[in-house]
Amino acid sequence: MTSLASAAESVADARALGLAHYAARGVLEHLLARHGSTFQQQIVLRAAVTTDSPQTPDDLVARAQGSLKADPADIRATLDELLAKQLLAADGAHLRPTDAGRALLAAVGAEIAPISARIWGQIPAEDLTAAGRVLALVTERANAELAELAA
């Protein structure tokens, strides 16, 4: 395990960002697997739960694609999985989260909270602020590059 002192000597780069992402995602995926769910299902379900207005399948695909950068066909397949598991329900032309879908997100959230506290705890606020600024800039630039590649 890396100590805070040796982590402080690290320089942020694409590899460090990737390693941090996959380490944290691995923790979440482990918890999701206990519930028979996947990372992509959780992202798509969260997109449905965290909106104020009813969402069409196209709306949810667009919202999830903004987070996942996944092929829209894969996201549509995930919508079908969530419908089959009754975590989403069709309501006319819209999809809405079910009570079971909301309960799943709440259960995973409750399980991940103490783990997140251990992972993020004792990191100085100024370091988190600086990291937040850098990550926002990297995200903005990477999204711009992705848009240019897709054009």
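Does E111 count as buried, partly exposed or exposed, and at what relative accessibility? At 24% relative accessibility, E111 counts as partly exposed, where buried means under 20% relative accessible area, exposed over 50%, and partly exposed in between (1.4 Å probe, protein chains only).

The model is predicted: local features need pLDDT of at least 70, side-chain atom pairs count only at pLDDT 80 or more, and totals for chains, interfaces and linings use all residues. Residues are numbered from 1 along each chain as its sequence is written, and side-chain values use heavy atoms, with hydrogens and water left out.

Side chains of opposite charge can pair when their charged atoms come close. Three salt bridges are present in the structure, a salt bridge being a side-chain nitrogen of Lys or Arg within 4 Å of a carboxyl oxygen of Asp or Glu.

E111 takes part in a salt bridge with R34, with 3.6 Å between the closest N and O atoms. Because E111 belongs to helix 6 (residues 99–120) and R34 to helix 2, this pair ties together parts that are 77 residues apart in sequence. Helices (H or I, at least four residues) are DSSP runs, numbered from the N terminus. R34 counts as exposed, at 57% relative accessibility.

A salt bridge also joins D58 and R76, whose closest N and O atoms are 2.2 Å apart. Since D58 lies in helix 4 (residues 57–68) and R76 in helix 5 (residues 72–84), the pair ties together parts 18 residues apart in sequence. R76 is partly exposed, at 35% relative accessibility.

Within helix 2 (residues 14–34), E29 and R25 lie four residues apart, about one turn of the helix. Their side chains meet in a salt bridge (2.8 Å, N to O). E29 is partly exposed at 33% relative accessible area, and R25 is partly exposed at 25% relative accessibility.

Terms used:
Helix = DSSP H or I, 4+ residues; strand = E, 2+ residues; numbered from the N terminus.
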